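Okay, thanks for coming, everyone.

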Amino acid sequence: MNLSDSRTAGQPPRRVSAMEAVLAHLRDAIERGEYAVGDKLPSEAELCRTLEVSRPVLREALRALQTMGLTVSKTGKGTFVVASTVEDPTFGDYSASDLLEVRRHVEIPVAGYAALRRTPENLDHLTHLLDRMERETDTTAWVAMDTLFHLAVAEAAQNPVFRRVIEEIRDALARQSAFLNELGGRREQSNREHRAIVEALIDGSELDATDAMAHHLDRVETTLTDIVRPPRTDSTTEGGPEA
């Protein structure tokens, strides 16, 4: 299995995790028809043995397959293939495309309002939160703070309706963030994009704030697209997945 990743032009290859390698293997098997729609995947024990990975690694990969819409898991019965290609991942109650459409219409203007209306307390909170995110190494903790960051920007816009909208999609945002970090290595890049948003708010620049948020959402969309429709490459395999 391929443990290197050269999806993003101009970026150095990123070493792929064991989970990503397992996911790529299973996804490829489904897309090639090795497991057809309606088929049941081998048991977890069999897949762990065949792929030489631990059960937690395998379960992460199976959850990602389900998020992509390729499989469904039935309690007590196993995992079944329901689609042969990835169309539109689902995060909680919302599809990726619906979520991104709403985020563009809400979070970009919200960032502009926040630049004009933010208080010193809003800026202190955002700066402190961003500093914590940049130091955080645990993905689960970072994802939780990622959703808090977007809530804090909405709060800085001084309109409770904006915050309520972000609260409504908060679970979906967290699921999407975890998905992008696991499969797209987005954390460091996202920190830089968040930093640009905060700097625009500190400067009180409506234009810079909307541009920074638009760029952030553009990168989210690009990473999602790369995951859903990765280009075919002939990069060198470094080895199999590790437990």
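Let's start with Gln189, which touches Arg219 and Thr223 once you set aside residues up to four places away in sequence. This is a predicted model, by the way, so keep that in mind throughout. You'll find Gln189 in helix H9. Is Gln189 buried or exposed? Its relative accessibility is 18%, and the cut-off for buried is under 20%, so Gln189 counts as buried.

Thr223 comes up again with another residue, Leu180. Leu180 sits in helix H8, which covers residues 170–184. With a relative accessibility of 4%, Leu180 counts as buried. Which residues is Leu180 in contact with, leaving aside its neighbours within four places in sequence? Those are Gly185, Arg186, Val220, Thr223, Leu224 and Ile227. Take Ile227 from that list: Leu180 and Ile227 are 47 residues apart in sequence, yet from C-alpha to C-alpha they are 8.4 Å apart in space.

Helix H5, residues 120–135, packs with helix H9, residues 187–203, at an angle of about 160°, and their axes are 10 Å apart. That angle makes H5 roughly antiparallel to H9. As for the handedness, the crossing of H5 and H9 is left-handed. If you want to see who meets whom, the H5 side brings Leu123, Leu126, Thr127, Leu130, Asp131, Met133 and Glu134. Facing them from H9 are Asn191, His194, Arg195, Val198, Leu201 and Ile202.

One more residue in H9 is Asp203. At 59% relative accessibility, Asp203 counts as exposed. Asp203 and Ala115 are 88 residues apart along the chain, but 7.5 Å separates their C-alpha atoms.

Now let me zoom out. The chain has 10 helices and four strands. Reading from the N terminus, the order is α-α-α-β-β-β-β-α-α-α-α-α-α-α. There are 243 residues in the chain, and 43% of them count as buried. The accessible surface is about 12,400 Å², with 48% of that belonging to carbon and sulfur atoms. And if you take contacts between residues at least 6 apart in sequence, 71% of them join residues at least 24 apart.

On to the strands. E1, residues 71–74, and E2, residues 78–81, run antiparallel and are joined by four bridges. Lys74 stands opposite Gly78 in E2.

Glu52 is one, with a phi of about 60°. Where is Glu52? Look in the loop between helix H2 (44–51) and helix H3 (55–67). Glu52 counts as exposed, at 61% relative accessibility.

Gln158 is another: a residue other than glycine, with a positive phi near 60°. Gln158 is in the loop between helix H6 (139–156) and helix H7 (160–168). Its relative accessible area is 42%, so Gln158 is partly exposed.

Key. Residues are numbered from 1 along each chain as its sequence is written. This is a predicted model: local features need pLDDT of at least 70, side-chain atom pairs count only at pLDDT 80 or more; totals for chains, interfaces and linings use all residues. Side-chain values use heavy atoms; hydrogens and water are left out. Two strands pair if DSSP finds at least two bridges between them. Helices (H or I, at least four residues) and strands (E, at least two) are DSSP runs, numbered from the N terminus. Buried means under 20% relative accessible area, exposed over 50%, partly exposed in between (1.4 Å probe, protein chains only). Contact means heavy atoms within 4.5 Å. Accessible areas come from the Shrake-Rupley method with a 1.4 Å probe; for residues, only the protein chains shown count as cover. Axes are lines fitted to C-alpha atoms, for helices over the stretch in contact, and angles run from 0 to 180 degrees between N-to-C directions. Angles under 35 degrees count as roughly parallel, over 145 as roughly antiparallel, 65 to 115 as roughly perpendicular and the rest as oblique. A crossing is left-handed if the near helix is turned anticlockwise from the far one by less than a right angle, and right-handed if clockwise.
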